[in-house]
Amino acid sequence: MKVLQEKIRQENFYEEDEFLQRLLKQYMDTELFSYADKQLKNFGQRAAGPIDERARHTDRDGQPRLEQYNKFGEEVSRVWVNEGYRQTVKETYETGIVGYVHKDIPEIARKGSYTYSFAQGYVLSQAEPGFYCPVTLTMATAYLLDHYADEDLKEAFLPHVLATGDTELYEGATFLTERQGGSDVGANVVEAVQDGDHYHLYGEKYFASNAGMCGVAMVLARMEDAPEGSRGLSLFLVPWEGNNLRIRRLKDKLGVRAVPSAEVEFTGAKAYLVGEADRGFYYMMEALNLSRICNAVASLGIMRRSYTEALHYAEGRNAFGRRLVDFPMIQQSLRELRVKLEKETTAVFDMIQLYEKVTESEATKEEEVLNRLLIAIMKKESAEQSIDFAHEAIEMHGGNGYIEDFVTPRLLRDAQVLTVWEGTANILALELLRLVNKYEAHTLFVGMLREKAEGSMKTQIDAMEERLLNFSNLQQVEQELEAKSLMKDMAWLYEDVVYEQL
Ligand SMILES: Cc1cc2nc3c(=O)[nH]c(=O)nc-3n(C[C@H](O)[C@H](O)[C@H](O)COP(=O)(O)OP(=O)(O)OC[C@H]3O[C@@H](n4cnc5c(N)ncnc54)[C@H](O)[C@@H]3O)c2cc1C
């Protein structure tokens with residue numbers, strides 16, 4: 001007995017996504033769009049096909065494993081990953097997802113853009129959000145080296161971090177978190193001891209994603225005699241291969257199993273200072289803002305996959321003699337998912353346009369503040385939505401949705417980390433407080449909404465203005481209690497405004 005029609009399988013995550021194509025057309029110039037459109041058609045097909053197949057294998061049967069010793073019993077701290085995963089790594093970096101943000105695309109003799117890279121990330125995350133983590137870390141490493149490393153360091157490492165098949169690839173990593181705290185980075189104690197023109201690191205990082213796979217890691221450490229707190233942290237580049245470091249263990253995780261996340265011990269690892277010694281924390285916070293956008297993009301990817309899986313299942317499954325998709329409540333659920341997905345995708349790509357301006361140093365101080373604010377509210381909102389969407393997709397599948405034969409359980413397990421890494425909701429809420437109290441970000445936010453809305457949605461924007469003004473006058477404790485619900489409403493209003501203008 002056939003209880004379910006053959007599932008309509010997505011064959012191309014890009015080609016079948018007309019909404020994304022429309023957004024990219026709007027945000028890219030003709031030359032870049034024409035190149036990106038062609039490449040994304042190819043990548044979208046691979047993501048929906050082999051990359052998705054391999055992601056399933058990695059999650060179920062092929063998770064990274066720690067090889068602590070070689071055959072002679074010597075400690076090597078290597079990480080084994082399966083062949084399919086290696087293929088996904090190779091294919092993805094060769095598309096220029098990291099490289100072409102910083103260097104020319106040979107075919108069109110010009111750089112790509114973050115918009116193009118994030119579109120690739122969105123497509124990739126529908127199949128393999130776990131691997132989008134190493135891509136994110138490599139993007140952050142490239143950003144830090146490109147902006148702050150001296151010429152010698154850049155020359156030695158940047159071409160590898162930006163590799164697109166032209167030279168050996170060094171994936172990146174960013175190690176901040178220590179056992180005593182991830183949110184409170186100022187509590188870091190890993191120590192850097194100077195030795196001529198370089199340093200040696202001692203201590204332990206407790207969550208170190210891409211350990212064993214990265215060619216270089218960007219690490220926060222404290223020099224001898226540096227002050228306590230975040231101001232005493234410096235940024236170091238640490239080459240992985242042949243260095244004095246060891247992996248204590250790999251974390252046994254709920255999801256994103258493709259990426260090896262480790263506890264790493266530095267036992268005198270050779271390290272090179274990046275930028276000014278007392279600016280390490282600030283550099284890393286800049287990179288963190290980039291990673292937060294990647295986080296939002298990964299969330300969108302999970303939302304889109306959840307929606308399409310739910311839609312296709314509802315089209316193929318019958319109950320009470322009718323297709324699920326013909327029932328009013330099912331239609332309502334699908335409609336709500338689609339509208340929220342479109343609004344959020346529009347808002348995130350709108351935010352990315354401001355980010356492009358900021359990274360090109362073309363933005364005003366006010367725009368930089370606004371950029372941080374939008375990143376905080378959209379990272380929080382999208383991460384929470386990705387969990388909701390994965391839940392809805394499970395619900396739409398009934399019992400099947402809970403079973404690992406379907407992609408839905410993996411979507412939920414993978415989504416769950418997105419609210420934690422790159423800053424939890426509470427930490428993002430504290431960013432809101434900082435931006436409002438120090439830089440009057442609330443005024444900038446309302447100004448931006450008015451400008452984008454061009455006279456429409458006046459009542460909602462006026463109400464938000466009043467609420468934000470009240471918020472700015474509260475005591476710190478009251479602000480903390482109000483911040484998260486306020487951020488949610490700010491995100492929804494921002495989404496409504498940009499969606500209406502589309
Ligand atoms: C799979 C995975 C991979 C990771 N990979 C990396 C990596 O590669 N590099 C890296 O540096 N880190 C990595 N992390 C660490 C991650 O960034 C931290 O887990 C995160 O920042 C939270 O820090 P914590 O775990 O120490 O939690 P804590 O800081 O102890 O926070 C616990 C809870 O307390 C809340 N809290 C803390 N301070 C406040 C406050 N002032 N007010 C209100 N609430 C507060 C937090 O919001 C959270 O809910 C990874 C984590 C995971 C799960």
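1. Domain bounds, as used in this note, come from an automatic or database domain assignment. The structure is a predicted model. For the protein chain, the assignment gives domain 1 (18-161), domain 2 (174-277) and domain 3 (282-500). The points below concern domain 1 and domain 2.

2. A distance of 23 Å separates the C-alpha centres of domain 1 and domain 2. To the contact, domain 1 contributes 29 residues and domain 2 contributes 26 residues.

3. Between domain 1 and domain 2, an area of about 2300 Å² is buried, and carbon and sulfur atoms give 71% of this area. On the side of domain 1, Val79, Leu137 and Phe157 supply 20% of the area buried against domain 2, more than any other three residues.

4. Two salt bridges are counted between domain 1 and domain 2. A salt bridge is also formed by aspartate 59 and arginine 257, whose closest N and O atoms are 3.8 Å apart. The count of residue pairs in polar contact between domain 1 and domain 2, with both residues at pLDDT 80 or more, is five.

5. Which elements each supply at least two residues of the side of domain 1 that touches domain 2? They are the helices α2 (30-60), α3 (83-94), α6 (129-148) and α7 (151-161), together with the strands β1 (65-69) and β2 (75-80). The largest share of this side, eleven residues, comes from α6.

6. The side of domain 1 that touches domain 2 may also be described by residue class: 18 residues are nonpolar, six are polar and five are charged.

How values were computed. Residues numbered from 1 in each chain as written. Predicted model: local features only at pLDDT ≥ 70, side-chain atom pairs only at ≥ 80, totals over all residues. Heavy atoms only, no water. Contact = heavy atoms within 4.5 Å. Buried area = accessible area lost by both parts, 1.4 Å probe. Salt bridge = Lys/Arg side-chain N within 4 Å of Asp/Glu carboxyl O. Polar contact = N/O pair within 3.5 Å; in protein donor to acceptor, adjacent residues only side chain to side chain. Helix = DSSP H or I, 4+ residues; strand = E, 2+ residues; numbered from the N terminus. Nonpolar A, V, L, I, M, F, W, Y, C, P; charged D, E, K, R; others polar.
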